[in-house]
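Here's a quick briefing to read with the structure open beside you.

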Amino acid sequence: MLRWSAAVGGAALMMVAACSNSTNSAGGFSSTPGYTIDPNIHKIQHVIVIMQENRSFDSYFGTYPGVDGIPMQNGAPTVCVNDPKSGQCVKPYHDTADLNHGGPHQESSAANDINGGKMDGFIQTAEAGKKKGCIQNPTDPACVTGTGQTDVMGYHDQHEIPNYWSYAQHYVLQDKMFEPNASWSLPAHLFMVSAWSAKCTSSDPMSCQDAPNGPSGTKVTGNDYAWTDMTYLLHKNHVSWGYYLSNGTQPDCADDAMICNQAAQKVNVPGIWNPLPQFDTVKQDGELGNIQDVSNYFSAAKSGTLPAVSWIVPNGKVSEHPPALVSVGQAYVTTLINAAMQSPEWNSTAIFLTWDDWGGFYDHVKPPTVDDAGYGLRVPAMVISPYAKQGYLDHQTLSFDAYLKFIEDDFLGGARIDPKTDGRPDPRPDVRENATILGNLSNDFDFSQSPRPPMTLPVLAQIPQAATAGAPHETAADLVDDGD
């Protein structure tokens, strides 16, 4: 399979993206006249999207210098959120705990936390969250996994997440990355690969309708994702892709039960973080095999055979989704990035690292309105590449749609997932990549500079063996056989 179509890429060098869409007064959608692709974008031949779980921007980078972070005066927060139980207004505080609990993070939770732009519902939402059954199924978006005082106002800094802060210092940190819709993990991952979350009543794409909270609430299996996703355009244009996930526990109840013993996460099992097996396009194109164990990612990185586009998702224990440990998630991500940096393909690689939703944790920035689905709350996000600007703070308004936009500009000549042009109509309400508010990730690169050498970092915690099977010894700390 070709990694990049030379015909498509050559035609795109100075191509004006003329993806047509009607104007939307709320989201500012248009045909983006005059939009020109940076011809140097094609120095990036490998895009890697690493998606972690359930952290707000303020919870990880709220005190990072220069960002739109937690409002401070003389080193002390000037904002607070009311605690209905105590009657006190709680300020953000430095949380050194490795195990966090967060709060509910479904569609209704987002509305409560945002509270019309006041950004003051976080503690009330967490205190009202569901607790029964959350130990067995901690990724139920209605859950609070802790039994004590809520920790949604806590934040971490370089003391708890030194590698993440180091990536920000040496590469690009984005402080206006909003999850694509105000909801939980499944819709976020659907947007990640298709720019839409919908519910379909049949295999006819025209039967699909908006579903911002997911196709069937918390139901994960038995869905038919009939609308068009990014893999359809990649396949159509002979661009290679891979979706890599770690074996271990899957984060959902396969039978739609709210309480269950977590089953094994496997490449052929649809899940919250693994939606592609239920996309009709993936099955029709014969590409279910592109959904692979993460060991294949490590092998491809080492041998220099990475696909053009890679998505990487974790298992429960390395996800940073409460109650998973922050340190273990950071170690797992470091292992993934070290492998890419030690690959012979490093000089043509861009890594986009982000977290899928806010997880109930406090953030002070009101999300902008784009359409009926989003945007949702801010999440941490970084660009790591030999061409990334060094120590750059990106203040553009972004969402996961920007990842698709970059992939489309780099490998597809600016073609969009657009029912009017992609040859596979569906009734999506807009072309999210064309939102005028959406920034351009190309601005995070300096393609005039010589490729910067890799910056491999130490792996600071032990990682469950199944999460990094196949990782070279020099990229990972001692692995723990946890029985997954």
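Start with β16: Val-309, Trp-311 and Val-313 point one way from this strand, Ser-310 and Ile-312 point the other way, and all are buried. That's five of the five residues in β16, so the strand is largely enclosed by the rest of the structure. Keep in mind that this is a predicted model.

**The chain overall**
- Of the 484 residues in the chain, 63% are buried.
- Take the contacts between residues at least 6 apart in sequence: 80% of them join residues at least 24 apart.

**The sheet around β16**
- β16 belongs to an open sheet of eight strands with mixed pairing, ordered β15-β12-β16-β1-β17-β18-β8-β19.
- At the edges you'll find β15 (291-293) and β19 (392-394); each has a single partner strand, so one side of each is left without a neighbour in the sheet.
- On average, neighbouring strands here are turned by 20° against each other, ignoring direction.
- β1 and β16 run parallel and are joined by four bridges, with Val-47 standing opposite Val-309 in β16.
- β12 also pairs with β16 in the parallel sense, over five bridges, and here Leu-245 stands opposite Val-313.
- Further along, β8 (residues 172-174) and β18 (residues 381-384) pair in the antiparallel sense over two bridges, and Val-172 sits opposite Val-383 in β18.
- As a reminder, strands of a sheet pair through backbone hydrogen bonds, whether parallel or antiparallel.

**Helices lying across the strands**
- Helix α6 (residues 185-194) lies across β1 (46-52), β12 (241-245) and β16 (309-313), and runs at about 170° to β16.
- Helix α9 (residues 294-303) lies across β1, β12, β15 and β16, running at about 85° to β15.

**Nonpolar cores**
- The largest nonpolar core has 115 residues, and those with the most contacts inside it are Phe-61, Tyr-164, Tyr-297, Trp-311 and Phe-352.
- Helix α10 gives the most to this core, with ten residues.
- What does Trp-311 touch, leaving out residues up to four places away in sequence? Its contacts are Val-49, Met-192, Val-193, Met-230, Thr-231, Leu-234, Trp-241, Gly-242, Tyr-243 and Tyr-244.
- There's also a second, separate core of 13 residues, which includes Met-119, Ala-126, Met-153 and Ala-182.
- The general background is that nonpolar side chains tend to be buried together in soluble globular proteins.

- Tyr-164, one of the residues with the most contacts in the largest core, is buried in α5 along with Asn-163, Trp-165, Ser-166, Tyr-167 and Ala-168.
- The cover over the buried residues of α5 includes α2 (57-61), β8, α10, β17 (349-355) and β18.
- The axes of α5 (residues 162-170) and α10 (residues 326-341) come within 9 Å and cross at roughly 45°. The two helices are therefore oblique to each other.
- On the α5 side, the contact is made by Pro-162, Asn-163, Tyr-164 and Tyr-167; they meet Gly-329, Gln-330, Val-333, Thr-334, Ile-337 and Asn-338 in α10.
- Sorted by class, the contact of α5 with α10 has five nonpolar, five polar and no charged residues.

Definitions and conventions. Residues numbered from 1 in each chain as written. Predicted model: local features only at pLDDT ≥ 70, side-chain atom pairs only at ≥ 80, totals over all residues. Heavy atoms only, no water. Axes fitted to C-alpha atoms, helices over the stretch in contact; angles between N-to-C directions. Parallel < 35°, antiparallel > 145°, perpendicular 65-115°, else oblique. Contact = heavy atoms within 4.5 Å. Nonpolar A, V, L, I, M, F, W, Y, C, P; charged D, E, K, R; others polar. Pairing = 2+ DSSP bridges. Core = buried A, V, L, I, M, F, W, Y, C linked by side-chain atoms within 4.5 Å. Buried < 20%, exposed > 50% of the residue type's maximum accessible area, 1.4 Å probe, protein only.
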